Structures are given as structure tokens and as C-alpha cells.
Amino acid sequence: MYCDNNVWVANDDKGERIVLLPKYANRHGLIAGATGTGKTVTLKVLAESFSDMGVPVFLADVKGDIAGLANPGMDSEDMQKRIERFGLADAGFAFTGYPVTIWDIYGKKGIPLRTTISEMGPLLLSRLMELNDLQSDILSIVFKIADDNGLLLIDTKDLKAMLNYVSDHNKEFEAQYGKMSPASIAAIIRALVAIEVAGGDKFFGEPALNLTDWLTFGPEGKGMINILDSESLISNSRLYSTFLLWLLSELFERLPEVGDMDKPKMVFFFDEAHLLFNGASKVLLEKIEQVVKLIRSKGVGVYFCTQNPRDIPDAVLAQLGNKIQHALHAYTPSDQKAVKAAAESFRVNPEFDTYETIMSLGTGEAVISFLEDSGVPGIVRKGYILPPRCSFGSIDDSRRDGIVKGSILYSKYYESVDPDSAYEFLERRGIEEAEALEQEQREKEEAKEAERREKEEAKLREKQEREDQRAAERAEREAQRAKEREEKEAARKKAAEDRKKNQAINSVGNTVAGTLGREAGKVAGGKFGKFGKTLGGNVGASLGRGLFSTLFKK
């Protein structure tokens with residue numbers, strides 16, 4: 001209960017108030033105790049007080065009863081006894097509900113709560129997917145490649161597309177980023193699919209949570225109490241713890257430095273805190289320690305709620321200045337050692353034995369140590385936790401639905417959107433590469449076809465040239481033969497003409513020679529009478545022709 005500018009948490013055996021100073025509320029805290037010892041009531045009392053103080057609060061509702069903060073408590077005989085016991089009436093105690101915004105990663109029982117793959121980062125994703133060191137390194141390289149190429153990793157399909165792209169183009173990235181085994185990339189994809197099956201695909205997307213929407217106020221300036229419904233989420237402990245760690249990291253990275261303040265800027269309750277550290281790698285533990293150590297300078301107080309303080313690493317436990325320890329049970333030597341360690345973490349109070357007191361605490365009782373004005377831990381005191389002003393129980397479905405849909409943030413986050421990101425870009429690039437490959441293949445085939453046609457045409461040209469050459473040779477031979485025939489025919493004709501000429505000449509010559517010879521023969525034969533004249537004429541003609549023939553023979 002916020003009273004007199006202090007967070008009134010409990011009363012001690014003497015009836016004196018045990019209060020948390022607002023200026024030290026950002027020094028973090030621990031709420032521990034076995035199941036059924038009253039941790040949830042303590043959470044509600046603190047959340048109410050911070051809200052009354054005007055400080056926004058975040059809580060995870062693992063069992064479903066934290067949502068009861070929205071409803072005012074119910075009066076009863078038991079409550080009247082408590083009010084009287086603590087003197088709450090004089091302090092202005094009244095039943096009231098608080099401004100509440102209910103969120104749900106799965107979007108079923110609250111406003112959908114999302115973040116992007118890029119904002120989650122490779123370190124937390126590696127933890128979420130339970131990757132080994134080699135696979136974690138490869139995932140970090142894939143994120144680096146995406147950043148270098150300006151690719152947005154919004155949801156799981158973006159990351160899968162990026163992983164497949166890197167695997168398909170492994171050789172192209174090897175020189176700059178190193179070797180990345182396709183088998184390791186395939187293992188990462190399988191782990192990512194397992195996250196999708198577990199509902200992680202609903203968590204990664206847009207619109208992503210803007211943390212400034214949590215730094216808001218309700219009526220009368222009360223800090224808004226943001227409740228993450230985790231009844232289903234807690235079954236996936238790794239997703240639950242990774243998500244809460246992401247929230248813490250986002251607060252650390254996004255909020256400005258504010259130094260010491262009169263009251264926190266926001267208070268973050270981490271229920272089931274042991275899940276955060278289970279199986280965490282050394283690198284992740286170092287990150288958690290760093291965030292817890294430095295986030296208080298951003299005005300954020302972190303309160304871990306768990307069953308046993310030993311669930312928290314010593315380096316983190318040392319940063320928790322405000323402690324509320326409910327009962328612990330020691331059934332084994334190991335349990336006794338844990339209780340002893342818890343008792344020794346408090347500043348000794350000589351009035352009682354802290355170890356024995358922790359073992360004997362009842363429901364709603366605790367040993368408490370808050371930072372004093374000087375900033376040092378106060379002496380441990382046994383206290384009785386105040387009752388909350390809100391309802392002890394949960395809320396019904398109709399009330400929940402009214403709270404969810406009545407929030408001004410409902411319309412902002414209800415509908416998911418799928419922006420143009422790595423998946424769409426790589427899909428377009430894949431289409432372009434496929435088209436380019438197809439075009440290249442077509443060009444190769446066309447070039448091959450053109451080469452084939454050219455070769456065929458060359459063969460045809462060569463064949464045609466050979467045929468033309470043969471035809472030319474045949475024509476030349478025909479021409480030569482024709483010429484020879486012409487020459488022979490001309491020679492034959494000339495010979496014929498010569499023969500005709502010779503025959504004519506011979507005929508004329510023979511006639512003339514015969515006539516001359518005959519006449520000469522007659523003259524000579526006349527001397528022998530008529531018979532001699534006739535004989536001489538014939539002989540003379542024959543001798544004349546023979547002589548002519550001899551003289552003009554060719």
C-alpha cells in the first residue's frame with residue numbers, strides 16, 4: 001500500500017511498518033518462498049503500491065490470478081480482521097481495482113504481443129532454439145549478412161528464407177564470412193520449425209511492441225499495470241523466459257539514462273525467475289548480469305520471484321537490494337544448506353535466528369530487508385504482508401474480454417501485418433534469378449542452335465561450292481569437248497571443202513589435161529592411121545591426166 005510516500009509492505013511483530021523507500025525501488029529485489037507461502041499476494045501488494053505511486057508495472061500471470069488486480073477486493077470477516085490488525089482503516093485503505101492492460105503472446109486471452117526476429121537478436125534466438133555454439137555462430141553470421149544487405153527479419157518465414165538463401169549461395173559468402181555448413185544451417189531451420197510449432201510464429205511479427213506503450217498511466221495518474229497472460233506460455237518455459245529476458249533487454253537498450261530518481265520509471269516483476277537461468281550459456285548469463293547491473297540507471301527496478309534464492313546466480317543476487325523471503329522447507333541436507341545460505345544473505349537481527357525463522361514462517365509471513373536511507377541493507381525483520389486492495393482471485397472471461405477490447409492499444413496491435421521484408425525480397429530475387437537463369441539457358445540454347453544452324457549452313461555452302469565447282473568443271477569439260485567438236489567439225493568441213501575443191505580442180509584439170517593429151521595423142525597417133533589416132537588420143541588423155549595429177553597432188 002502506498003502511504004506517506006512509501007511502499008508499505010508489511011508490519012513487524014511490534015506493529016511497526018516495514019516500508020520500501022521509492023528512491024531505492026530501482027535497486028531491484030527478490031521475492032522468494034515455497035509454493036503456497038504468499039508470494040502472489042506480495043506481488044499484488046507491491047504492484048498496487050507502485051501503480052498508486054504513478055509507476056507503470058509489468059507482471060507475468062502464470063496461474064491466472066494476477067489479473068485480479070483489475071477488480072476491487074471483496075469485504076469479508078477475515079478481511080475486516082486484517083484491516084483492523086494492520087490499522088489499515090486509519091491509513092485510508094479501500095477496496096479498488098487498478099488500471100490493467102492484459103497481453104498474450106498467442107493473442108487468445110489478451111492483446112497480441114509481438115516482436116521481430118531482428119529485435120530478438122541471434123543470442124536470445126540461439127537460446128530459444130537450443131542451438132549449440134557452432135550453430136549459434138552461424139546464426140549470428142546470417143544476421144550479419146541480413147544487416148549488410150539491408151534485409152529486415154520480421155517473422156520466422158523471413159529467417160527461414162534467409163537461412164535457405166545463405167545455404168544455397170554458401171560459396172558466395174564463404175570468402176567474406178567464413179564457411180557455413182549446409183548441415184548446420186539445416187539443423188537451425190529444423191529448430192526454427194519447432195519454435196513455429198510451439199506457437200513462436202505468432203510471437204514474431206508486426207506490429208511489434210513499442211515499449212513506450214507500457215510507460216502509460218490510468219485514471220488518477222495511476223501507473224498502468226501490464227499483465228502478460230502466461231498460463232499457456234509457461235508450458236514452453238524456454239519461450240517464456242527468453243521473451244521476458246528480451247523485454248528486459250529492450251528496456252535497457254531503449255530507455256535513456258536518468259540516474260537516481262525519486263521513484264522508478266518502471267518496475268518489472270520476473271515470476272518463475274529460475275527459468276531464466278536454466279540452461280543459460282555463459283555469454284547469456286554475462287548479458288543478464290550486465291543488464292541487471294546497469295538497468296537501474298535507466299530508472300527500472302527488476303524484481304525476481306522464485307521459490308529459492310539459490311535459483312538466482314550469485315552475481316545477480318548481489319544486485320538485489322530489497323528482499324522478501326517467505327517460508328522455505330528443508331527436507332534434505334541440500335535444502336538445509338539452501339535455507340542457511342538464504343538466511344546468511346540477510347543482515348543479522350539479534351532478536352531472532354533468521355534460519356529458524358525462515359523455516360517456521362506461515363502463509364503471508366516473511367523475513368524482509370529493504371535498503372535504508374543510507375542505501376545499505378536494513379536489518380532483517382519478520383513481517384506480516386498486508387492484504388491487497390484488489391481481488392484475491394482471478395477474473396471471469398467476460399471481464400477479461402472487456403478489459404482487452406476496451407484498451408486503447410487493442411486496435412493498434414490486434415491485427416497482424418506482413419510488411420515487405422527478407423522473405424518477399426528474397427522471393428523476388430529468386431524469381432529474378434530463376435528468370436535470369438532461364439534467360440541464360442535460352443540464350444545458350446539459342447546460341448547452340450545458331451551454331452548448329454551455322455554449321456549446317458556452312459556444310460550446305462561447302463557442299464554447294466563443291467557441287468558448283470564440279471558443275472563448273474563439267475561445264476568447262478563440256479565447253480572443251482564442244483570446242484573440240486567444233487574444231488573437228490570445222491576441220492571436217494574444211495577437209496570436205498578442200499576435197500570438193502580438189503575434186504573440182506582435179507576434174508577440170510583432168511578434163512583439160514585429158515583433152516590436151518588426147519589432142520596431142522591424136523596428132524602423134526595420126527601418123528599410124530585412124531586406129532593410131534584414136535589410140536593416141538586415149539593414151540595422150542591418160543598421160544595428161546596422170547601428169548596433171550602428179551603436178552598438183554597435195
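# A guided tour, strand by strand and charge by charge

Start at Leu 30: its bridge partner in strand E11 is Lys 323. This is a predicted model. Keep that in mind at every stop.

**Stop 1**

Select residues 29–32, which make up strand E4. Look at where the side chains go. Gly 29 and Ile 31 point one way. Leu 30 and Ala 32 point the other way. Are these four buried or exposed? All of them are buried.

Next, show residues 300–306, strand E10. E10 also runs parallel to E4, again with four bridges. Which residue of E10 stands opposite Ala 32? Select Thr 306 to see it.

**Stop 2: a cis peptide bond**

Go to Glu 206 and Pro 207. The peptide bond that joins them is cis, with omega at about 0 degrees. Where is Pro 207? Pro 207 lies in a loop, between helix H8 (200–203) and strand E8 (225–229).

**Stop 3: two residues with positive phi**

Stay in the loop between H8 and E8 and select Glu 220. Glu 220 is not a glycine, yet its phi is positive, near 60 degrees. Its relative accessible area is 76%, so Glu 220 counts as exposed.

Now jump to Glu 130. What is the phi of Glu 130? The angle is positive, about 55 degrees, although Glu 130 is not a glycine. Find Glu 130 in the loop that links helix H3 (117–128) and helix H4 (133–148). Glu 130 is exposed too, because its relative accessibility is 57% and the exposed class begins over 50%.

**Stop 4**

Side chains of opposite charge can pair when their charged atoms come close. How many salt bridges does the model hold? The count is 35. Three of them are worth a visit.

Select residues 77–86, helix H2. Show the side chains of Arg 82 and Asp 78. They form a salt bridge, and their closest N and O atoms are 3.3 Å apart. Both residues sit in H2, four residues apart, about one turn of the helix. Arg 82 is partly exposed at 30% relative accessibility. Asp 78 is partly exposed as well, at 43%.

**Stop 5**

Select residues 422–525, helix H17. Zoom in on Arg 452 and Glu 449. Their side chains meet in a salt bridge, 2.1 Å from N to O. The two residues are three apart in H17, so about one helical turn separates them. Arg 452 has a relative accessible area of 35% and is therefore partly exposed. Glu 449, at 29%, is partly exposed.

Move along to Glu 489 and Arg 492. Their closest N and O atoms are 2.0 Å apart, in another salt bridge. These two are also three residues apart in H17, so they too are separated by about one helical turn. Glu 489 is partly exposed, with a relative accessible area of 30%. Arg 492 counts as partly exposed at 44%.

Then select Lys 109, Asp 229, Glu 231 and Arg 400. Salt bridges that share partners join these four into one network.

**Stop 6: a positive patch**

Switch to a surface view. Select Lys 463, Arg 470, Arg 474 and Arg 477. What do they form? They gather in a patch of positive charge on the surface. Arg 470 lies in helix H17. Arg 470 is partly exposed, with a relative accessible area of 41%.

**Stop 7: a negative patch**

For the last stop, select Glu 172, Glu 432, Glu 433 and Glu 435. These residues gather in a surface patch of negative charge. Which element supplies the largest share of the patch? Helix H17 does, with three residues. Glu 435 is found in H17. At 47% relative accessibility, Glu 435 is partly exposed.

Terms used: Residues numbered from 1 in each chain as written. Predicted model: local features only at pLDDT ≥ 70, side-chain atom pairs only at ≥ 80, totals over all residues. Heavy atoms only, no water. Patch = residues over 30% accessible without salt bridge, like charges linked within 9 Å, V, L, I, M, F, W, Y side chains within 5 Å. Areas by Shrake-Rupley, 256 points an atom, 1.4 Å probe, with all protein chains shown as cover. Lys, Arg positive; Asp, Glu negative; His and termini not counted. Charge placed at Lys NZ, Arg CZ, Asp CG, Glu CD. Buried < 20%, exposed > 50% of the residue type's maximum accessible area, 1.4 Å probe, protein only. Pairing = 2+ DSSP bridges.
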